[in-house]
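Q: Could you show me how to read the main structural features of a protein model, one at a time?

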Amino acid sequence: MPESPEVIHARVAAAVGPDGRLPMPPVADWETFPWELVDGELMPKVLPEPVAAEEPREGRDGVDCKLCDEGESDPQRIWESWNFHVKAPAAPSGFPLVLWLNSNDHLDFTELDDTQAAEFGQLSVILTRIMSNMEHIGRVHMSRWGDGAEHMHAWFLARPARFPMIRGSMALEWDAMLPPGPEPVWRADLATVARKLATHGGRALV
Ligand SMILES: [Zn+2]
């Protein structure tokens, strides 16, 4: 069962004190971070001219693709079916659960055929429902960007309940800031998700 908001808050207080701030995550150094301090005031950065072409993404055309290279033997897979698998990070992050729903074959999201697209839709709702119904989960956000890697991967991010600041699109930044919870709790929750998802099809791997 995911930890309560009170336990999460106590871990933050234990790390930095009740009035302390968590360390700044690396997002502020990212090229995509849209704001900067100007004379002590946070301002939008000046938008540069467009570049000549988009950067190639990781695993272009299946070459040097991490998801393909890891394949069926990937120890981070927690569930799989014929077309898709669910993968967890190597270690817990700040959120109670973060999972990816990925295609087994090297496909861009726009390359899913009608059958795969229908399965993706069903799995997305079922996986979101399973994660949302876990204790102390406030909401499960799902997203698909695909700007970094070509191989289709969709994010399922379970935010903790009852922190009004940790909501909406900015909630994701808290996943990188909150101190990770204990690994045994996280692994038990991964097994719960995999087992419940397998009742709808596919097979649990943890
Ligand atoms: Zn691939």
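The dialogue below treats the sheet, a helix, the aromatic pairs and the nonpolar cores of this predicted model.

Q: In what order do the strands of the open sheet lie, and how do they pair?
A: Strands of a sheet pair through backbone hydrogen bonds, either parallel or antiparallel. Here, the 6 strands of an open sheet follow the order β6-β7-β5-β4-β3-β8, and the pairing is antiparallel.

Q: Which strands stand at the edges of the sheet?
A: The edge positions belong to β6 (137-143) and β8 (203-204). Each has a single partner strand, so one side of each is left without a neighbour in the sheet.

Q: How many bridges join β4 to β5?
A: Strand β4 (residues 84-87) and strand β5 (residues 97-103) run antiparallel and are joined by 4 bridges. Within this pairing, F84 has S103 of β5 as its bridge partner.

Q: Which strands does helix α3 lie across?
A: Helix α3 (residues 114-132) lies across β3 (77-80), β4, β5, β6 and β7 (153-160). Relative to β6, the helix runs at about 160°.

Q: How many aromatic pairs are there, by ring-centre distance?
A: The count comes to 5 aromatic pairs. One of them is formed by F109 and F120, at 5.2 Å centre to centre with 75° between the planes, an edge-to-face arrangement. F109 is in the loop between β5 and α3, whereas F120 is in helix α3, 11 residues apart. Ring pairs also link F84, F109 and F120 into a cluster.

Q: Are F109 and F120 buried or partly exposed?
A: F109 is partly exposed, with a relative accessible area of 27%. F120, at 10% relative accessibility, counts as buried.

Q: What is the geometry of the W145 and W155 pair?
A: The ring centres of W145 and W155 are 6.2 Å apart and the planes lie at 75°, so this pair is edge-to-face. W145 lies in the loop between β6 and β7, and W155 in strand β7, so the pair ties together parts that are 10 residues apart in sequence. W145 counts as partly exposed at 45% relative accessibility, and W155 counts as partly exposed at 22%.

Q: Which residues of the largest nonpolar core touch the most other members?
A: Of its 28 residues, these are I78, L99, M131 and V193. At least two residues each come from β3, β4, β5, α3, β6, β7 and α5 (183-198), and α3 gives the most, with 6 residues. The contacts of L99 include I78, V86, L127, M131, F156 and V193. Another core, of 10 residues, lies apart from this one, with V12, L22, F163 and A171 among them.

Definitions and conventions:
Residues are numbered from 1 along each chain as its sequence is written. This is a predicted model: local features need pLDDT of at least 70, side-chain atom pairs count only at pLDDT 80 or more; totals for chains, interfaces and linings use all residues. Side-chain values use heavy atoms; hydrogens and water are left out. Two strands pair if DSSP finds at least two bridges between them. Contact means heavy atoms within 4.5 Å. Axes are lines fitted to C-alpha atoms, for helices over the stretch in contact, and angles run from 0 to 180 degrees between N-to-C directions. Rings of Phe, Tyr and Trp (its six-membered ring) pair if their centres lie within 6.5 Å; planes under 30 degrees apart count as stacked, over 60 as edge-to-face and the rest as tilted. Buried means under 20% relative accessible area, exposed over 50%, partly exposed in between (1.4 Å probe, protein chains only). A nonpolar core is a set of buried Ala, Val, Leu, Ile, Met, Phe, Trp, Tyr and Cys residues joined through side-chain atoms within 4.5 Å. Lists of a residue's contacts leave out its neighbours within four places in sequence.
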